[in-house]
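Here is a short report on a two-chain model. Look at the structure, then read on.

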Amino acid sequence: MTALDGSDADILLEVDDLTVSYHMGMRRPPFRAVRDITFKVARGETVSIVGESGSGKSTIGGAILGLRAIESGSIRLQGEDITNAGIKRRRAIARHIQAVFQDPFSSLDPKLTIGESVAEPLTIGARPRRDETLRSVTETLGRVGIGADALRRFPAEFSGGQRQRVSIARSIIRTPELIVCDEAVSALDVSVQAQVINLLADLKADSGTSYLFISHNMAVVRHISDRVIVLYKGRIMEQGPAADVCDQPAHPYTRSLIAAVPVPNVAVQEQRRTARSLAAKPSVVAGDVQDGCPFAPRCPFARPACTTSGDVRLVGVGPGRSAACLRLDEVLRTASASPVIW
Amino acid sequence: MSSPVVADAQAKERFRTARAFARNPLGVAGLAFVLITSGCVVLAAQLAPYDPKAQDYSTVLSGPISAHPLGTDQLGRDILSRLLFGGRLTLLGVFEAVAVAFLIGVVLGLIAGFAGGQVDNLISRTADIVMAIPAIVILLMIYAITSNNPHYGMLALGLLSVPGICRVTRTATLAAKSETFIDVTRVIGMGRARIIFGHVLPNIWGPIIVNTSILAALTLGIQGGLNYLNLGVTPPDPSWGGMVSEAQQSLQLQPWLIVPSGLTLALTIMAFILIADAMRDATAAAGARSERPARRRKAAQPAGPVSERTAGPAVTAPGPVDGAASALLAVRSLSVAFGGQRVVQDVNLTVDTGETLGIVGESGCGKTVTASAILGSLGRTARVSGDVSFLGQNLLGVGRKARAQVRGKGIAYVSQDPMVALDPCFSVGSHLGEVVGRHDGLRAGARRARVSELLTMVGLPNPDDVAKKFPHELSGGMAQRVLIALALAGRPKLLIADEITTALDVTIQAEILDLLRSLRDETGMAMILITHDLGVVADICDRAAVMYAGQVVETAAAATVFLAPAHPYTQALIAANPIVAERGRPLASIPGSVPPPAQWPASCHFADRCLRVEPVCRSGPVAMSQAAGPGQTARCVLLNAGAEAFPVGLERPAKEGP
C-alpha cells in the first residue's frame with residue numbers, strides 16, 4: 001500500500017492514455033468504449049474501477065488481459081510494454097496477471113473436472129509431473145476452502161460461491177502479482193459475497209497480490225479498495241484514495257453514485273434519500289455531449305460551458321487525488337455543507 | 001486436455017450426453033440398426049448364401065421361399081445376397097460423402113467461428129455460394145466425366161454438403177466462444193489450437209453430431225436416387241437404389257420384390273433420423289444440468305404424493321397474524337411442493353391496505369415461489385396448501401376464472417427481467433393498449449389517452465413517443481417503467497414486484513424506487529417487494545419478512561428489523577453487508593450457502609450455518625414466536641435465551657460520514 005502516488009519502484013502496472021474502440025459494422029463509426037485512461041497499480045495495492053453498466057470498466061480489464069485490441073495508448077507491466085502482446089508474449093504475461101470473472105456458471109468449462117480446470121494454468125507451455133500438479137492443485141484448492149474431494153467432480157455439482165472459489169484457485173495457482181477481478185462478487189448472494197471478499201483479502205495478506213477490482217457496487221468497492229477510479233462513459237471522472245473518494249466525493253457523478261446506494265438502516269436511508277432529493281436538480285444541459293463533460297446532461301451543477309469547453313481534464317483535488325470537473329469549486333463547497341452519509 | 005489430472009476424471013460425468021442418449025430407446029434402436037446393418041454388409045462375403053451376380057433361371061421372381069428367404073429377381077439372383085453386397089457400395093458411399101462433409105465442414109466452421117472477422121466472412125460467403133450450386137447438375141457431370149465411378153460422385157456430394165456442417169459448427173463455436181471460460185483460457189496464455197480442441201470442440205459436439213446424422217440420412221436418400229438412375233453403379237453390380245429400380249421393372253409380375261430393398265433403404269434412413277433426434281434430446285438434457293439454476297423452479301418429474309398437511313413446524317398455530325381480518329392479503333400456512341419436495345413451508349404473511357411489505361432473503365429461499373403461489377401462477381406440478389385470502393376471498397379455493405379476475409385488477413405482478421416480459425414484436429403502445437382494452441374496454445382514442453396517462457404516471461417523458469417504441473429500443477430502466485405501467489393498467493390494490501431493480505444500475509434503481517414510492521402515495525396501493533438487497537427494504541418497505549430456506553424466519557417493522565434483528569439469520573445478513581462493515585476488517589460472513597430443499601432438516605433450517613447453534617436447535621421443528629419488538633416475530637428457539645443472544649446486528653449501528 002505504498003506508492004499511492006507512484007514512486008516508480010513499486011509500480012506493477014501502468015496504463016497510459018488507453019483508448020479502446022469496438023467496431024460496430026462496416027457502415028457505422030467505431031464506438032469508443034474507453035478513452036485516454038491513465039492509472040497505475042502499485043504492488044500489493046487494490047485499485048477499483050467503478051461505474052455503471054456501459055461505462056467501459058470491463059473493457060479496461062479486457063485490454064489489460066489481452067482480450068480487447070488496444071487502439072492507442074500503452075500498458076506496461078513492471079516497466080515492460082505489453083500493449084497488444086501476441087500469444088507467445090501473453091503466455092509469459094499470464095504468469096503475472098490472472099483474472100476472475102463475474103459469471104460463476106460460465107467461467108468453468110463444464111466438460112472439465114475441477115482438478116483439470118485448476119491445473120490448466122500449470123500446463124501452459126510446460127509438462128509438469130503429475131504428482132506435483134496434483135499436490136499444487138490440492139493445496140491451492142485448500143487455500144480457497146475447497147476440499148480435495150472436489151478434484152474429480154464437475155462444475156455442475158457446485159454452487160455459485162463454490163465455483164467462484166474454484167475460479168479464484170485457478171487464478172492464484174501460479175501466484176500472479178496482479179489479479180483482475182471483473183465483477184467477481186456481483187453474481188453472489190450477500191452471505192457468499194462476504195466469504196469471497198474475505199478470501200480475496202486473505203490471499204492479498206498472504207502473498208501481497210495486487211487486485212484490479214472492477215465493480216458497479218460502491219459499497220463493496222469502498223470496503224476493499226486502496227484506491228478508486230470512477231468511470232463514466234469511458235472517461236475517468238474521479239480517482240484517488242478509497243476513503244477520500246467514497247466518503248468525500250469530489251465529482252458530482254461520484255456523489256450521485258454514492259447517494260443512490262440504499263443502506264440497510266431505515267433512519268439513515270431516510271436521511272440519505274432526503275439529501276439526494278435536495279441535491280437533485282435537473283441539468284440545464286440536454287442531449288448527448290460531443291465535446292465536453294459526458295456527465296453534463298445528468299449533472300445538477302452543469303453549465304452550458306461544460307459541454308463546449310472540449311475535453312475536461314483531471315485536476316488535482318488533494319494528495320494522490322484528481323477529478324475531471326469544471327465546476328469543482330462549487331461542487332466541493334456544496335460537498336462540505338452536506339457530507340456523504342454511509 | 002493434456003492435464004495430468006485428466007486420468008482421474010469420472011467417466012460417469014464426462015459421458016453425460018452418451019448416457020442421456022442411452023436412455024432413449026428409439027435412439028438406441030436406430031443406432032443398433034445402423035451398426036448391425038453395417039456389420040452384416042461388411043461380412044457380406046461370409047453371410048451371403050449366394051454370389052450376388054449368380055443367375056438361376058429356374059427360380060426367377062420367386063418371392064420368399066426357404067432357399068431364398070427374401071426371394072429372387074427376374075434373373076433368379078438371390079435378393080438377400082444382393083442386398084448384403086449392395087449395401088457395401090451404398091453404405092461406403094454414404095460414409096465417404098459424410099466423412100468429407102464432416103471433416104472439412106467442422107474444421108472450416110471452427111476456423112470461421114473462432115477467428116471471426118475477414119476469415120469468417122470469406123468462409124461464410126464461400127459456403128453461401130457452394131450452397132447455391134445445383135448439386136444434381138454437378139453430380140451428373142462428375143458421373144459423366146469419371147465414367148460412372150461410384151466414389152468420385154459421393155466425394156463430390158460430400159464437398160457440396162460441407163456448407164451445412166460448416167454453418168452449424170460456426171454457430172455453435174460462436175456461442176461457445178462467448179462463454180467466460182474461453183476468455184479464461186486466453187488469459188492463462190493457452191494457444192489457439194488447444195483452446196479449439198480442448199475447450200470449444202468438446203462443448204459443441206452435440207449439434208454437430210445431430211446434423212451429421214441428418215446429413216447421413218439425406219445422403220442415403222440422394223444416393224438411392226442416383227443408383228436408381230444407374231448413376232454411380234454399373235449393373236449387374238448390386239446397390240440398394242439399383243435394386244429398387246430393378247424391382248420396379250417387374251413390379252407387376254412380383255410386387256414383393258420392392259419390399260426388401262425399399263424397406264432396407266427406408267429403415268436405414270429412419271435410423272439415422274432417430275439417432276439425430278435422440279442425440280439432440282441428449283445434448284439438451286446434458287446441457288440443462290450444467291446451466292445456471294433457473295430462477296423459478298420447474299418440476300421436471302410428475303408430482304409425487306404430497307401430504308397436504310403443512311409439515312415442518314407442525315406446532316404452528318394459525319398464529320402470529322394479527323389484524324388478519326382487516327388485511328388486504330393474508331397468507332396462512334402456505335406450503336408449496338414440487339414432486340414431493342417442499343420448497344416453501346408454512347409461510348404466514350399479511351399486507352394491509354397501502355402497506356409495503358419486503359420479502360427479503362438470498363436466492364433459493366423461496367421468495368419467488370411464494371409470490372407465484374399468491375398469484376396462482378405455479379403450474380400444475382406444484383402442490384399448494386394453506387390459505388391465501390385477498391379481500392376476504394380464499395384464492396386457493398377459487399377456479400381459474402375467478403383467479404384471472406383477481407390478477408391484474410386485484411393483484412398485479414412485475415417481474416425481474418423487463419426484456420423477457422415484453423414481446424419484441426409489439427410496440428410499447430400495443431402492449432399497454434391490449435391490457436387497457438381488457439381492463440377498461442376503451443376504444444381507439446380513449447385507449448390511447450389512457451396509455452399515455454399510464455406512461456406519464458411511471459415518469460416517462462414524451463409518452464406518445466415511448467408508446468411507438470419497440471422493446472429493443474428501450475433502456476433497462478425505461479423497460480422496467482413500462483412493465484410497471486402495464487401492472488398499473490388494472491388499477492391493482494396490490495403490486496407484487498419481484499427483484500425489479502436487481503438488474504439495474506444503482507442510480508436507475510434509486511429512480512425506480514422513488515417512482516414506486518410516489519405511485520404508492522398517489523394510488524394508495526399496497527406492495528410486496530421481493531428483493532435480496534436489505535438496502536431496498538430499508539428504503540421503501542414498512543415491514544419486512546425475512547425468508548431462509550423456504551421459511552419465513554422473521555417478520556417485523558422495517559425499522560425494527562435493522563435496529564434489533566431477532567433471528568440470527570437476519571443479524572448475519574445485515575452484518576455481511578459491506579456497507580455495515582468497517583473498512584479493512586473482514587466482513588461478518590455466514591459460513592456455507594443456502595442448502596437445496598432436499599437437505600432441509602425438520603428442525604431449524606439455519607442451524608448448520610448459525611454461529612450460535614445449540615443442541616436444542618436440532619431437536620425439532622421451530623415455530624414463529626413473539627420477539628422483543630412490537631409485532632416482531634421470529635423462528636428461533638434461542639429467541640428468549642437472553643440479551644447476549646443479539647450481538648451481531650446491534651453492535652453495528654450505521655456510521656455517519658466524516
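In strand 12 of chain A, A:Ser322 is the bridge partner of A:Gly316. Strand 11 (residues 315-318) and strand 12 (residues 321-323) of chain A pair in the antiparallel sense over 3 bridges. Strands count as paired if DSSP finds at least two bridges between them. Strands (E, at least two residues) and helices (H or I, at least four) are DSSP runs, numbered from the N terminus. The hairpin of strands 11 and 12 of chain A has 2 residues between the strands, and A:Gly320 takes a positive phi near 65 degrees there.

This is a predicted model: local features need pLDDT of at least 70, side-chain atom pairs count only at pLDDT 80 or more, and totals for chains, interfaces and linings use all residues. Residues are numbered from 1 along each chain as its sequence is written, chains are lettered from A and ligands numbered from 1 in the order in which they are written, and side-chain values use heavy atoms, without hydrogens and water.

Now the interface. Contact means heavy atoms within 4.5 Å. A salt bridge puts a side-chain nitrogen of Lys or Arg within 4 Å of a carboxyl oxygen of Asp or Glu. Buried area is the accessible area (1.4 Å probe) that two parts lose on being put together, summed over both.

| Between chain A and chain B | Value |
|---|---|
| Residues in contact | 79 of chain A with 79 of chain B |
| Buried area | about 6900 Å² |
| Salt bridges | 4 salt bridges |

A:Arg276 forms a salt bridge with B:Asp514, their closest N and O atoms being 2.9 Å apart. Helix 6 (residues 190-207) of chain A gives the largest share of the side of chain A that touches chain B, 8 residues.
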